[in-house]
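Consider the sequence and the model displayed below. The account that follows goes from the overall fold to individual side-chain interactions.

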Amino acid sequence: ARLGWAQGFERYVETWAADPGSTDDPYRLRDWTTARRVNELALPVLRDFAARSGGRGFLWVHYTDPHAPYTLQPGETNPFLGDALAQGDEEARPDSWQAREIDGRRDLKFYLAQYDANVRYVDRHVDALIGEA
């Protein structure tokens with residue numbers, strides 16, 4: 001909201017707005033922006049649309065899990081590690097924000113696998129949200 005993104009919306013909810021200790025640390029921020037939390041905030045809005053306007057309304061939902069730092073949620077496994085796309089030993093550029101170490105690794109094939117696992121995680125949550133619509 002502080003960047004003006006709330007303009008024009010009747011209702012605007014940010015996942016991290018409820019965190020009294022907001023931070024720019026992407027690892028800590030991930031706890032507040034996970035797809036699970038996004039759905040927890042979006043479902044009441046969908047239900048409100050159904051109750052107030054016969055199911056009509058505009059809802060913009062933004063999931064950040066497939067963004068750097070490409071960490072996985074606790075308990076999530078990565079089925080893409082070592083798959084056919086995991087080739088080469090190239091490392092992430094050291095001047096890149098995305099080049100932060102994840103679990104002690106900086107190789108691009110690991111980043112790609114982590115990205116894919118996060119897309120898979122979000123896909124499950126998008127499916128759950130659509131199932132409630």
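Predicted model: local features only at pLDDT ≥ 70, side-chain atom pairs only at ≥ 80, totals over all residues.

Residues are numbered from 1 along each chain as its sequence is written, and side-chain values use heavy atoms, with hydrogens and water left out.

The secondary structure comprises 3 helices and 0 strands, where helices (H or I, at least four residues) and strands (E, at least two) are DSSP runs numbered from the N terminus. Along the sequence the pattern reads α-α-α. Of the 133 residues in the protein, 32% are buried; buried means under 20% relative accessible area, exposed over 50%, and partly exposed in between, with a 1.4 Å probe and protein chains only. Contacts, defined as heavy atoms within 4.5 Å, can be sorted by their separation in sequence. Among those with a separation of 6 or more, residues 24 or more positions apart account for 62%.

The whole structure contains 4 aromatic pairs. Rings of Phe, Tyr and Trp (its six-membered ring) are paired if their centres lie within 6.5 Å, and planes under 30 degrees apart count as stacked, over 60 as edge-to-face and the rest as tilted. The pair of F9 and Y12 is tilted, because the ring centres are 6.1 Å apart and the planes stand at 50°. F9 is partly exposed at 32% relative accessibility, and Y12 is also partly exposed, at 25%. The rings of Y70 and Y115 have centres 6.2 Å apart and planes at 80°, so this pair is edge-to-face. Y70 belongs to the loop between α2 (35–53) and α3 (108–132) and Y115 to helix α3, so the pair ties together parts that are 45 residues apart in sequence. Y70 is buried, at 15% relative accessibility, whereas Y115 is partly exposed at 35%. Ring pairs also join F9, Y12 and F58 into a cluster.

The structure has 6 salt bridges, a salt bridge being a side-chain nitrogen of Lys or Arg within 4 Å of a carboxyl oxygen of Asp or Glu. In one of them, the side chains of E10 and R52 meet at 2.8 Å, N to O. This pair links distant parts of the chain, with E10 in the segment before α1 (26–33) and R52 in helix α2, 42 residues apart. E10 is exposed, with a relative accessible area of 69%, and R52 is exposed at 52%. R52 also forms a salt bridge with D48 (2.9 Å, N to O). Both R52 and D48 lie in helix α2, 4 residues apart, about one turn of the helix. D48 is partly exposed, with a relative accessible area of 24%.

E76 is partly exposed, with a relative accessible area of 26%, and R124 is partly exposed at 36% relative accessibility.

Which residues does V45 contact, leaving aside its neighbours within four places in sequence? With those neighbours set aside, V45 is in contact with R11 and L59. V45 lies in helix α2 and is buried, with a relative accessible area of 10%. V45 and L59 are 14 residues apart in sequence, and their C-alpha atoms are 7.9 Å apart in space.

On a 1 Å grid over the protein atoms alone, a cavity is a set of points where a 1.4 Å probe fits but cannot get out, and lining residues have an atom within 4 Å of a point. Grid points are joined across faces, edges and corners, and a volume is the space filled by probe spheres set on the points. The count comes to 1 cavity of 30 Å³ or more. The largest cavity has a volume of about 40 Å³, and its lining consists of F80, D83, L85, A86, K109, L112, A113 and D116. By class, this lining has 5 nonpolar, no polar and 3 charged residues; Ala, Val, Leu, Ile, Met, Phe, Trp, Tyr, Cys and Pro count as nonpolar, Asp, Glu, Lys and Arg as charged, and the others, Gly among them, as polar.

Definitions and conventions:
1 Å grid on protein atoms, 1.4 Å probe; cavity = no way out; pocket = protein on both sides within 12 Å on 5 of 7 lines; lining within 4 Å.
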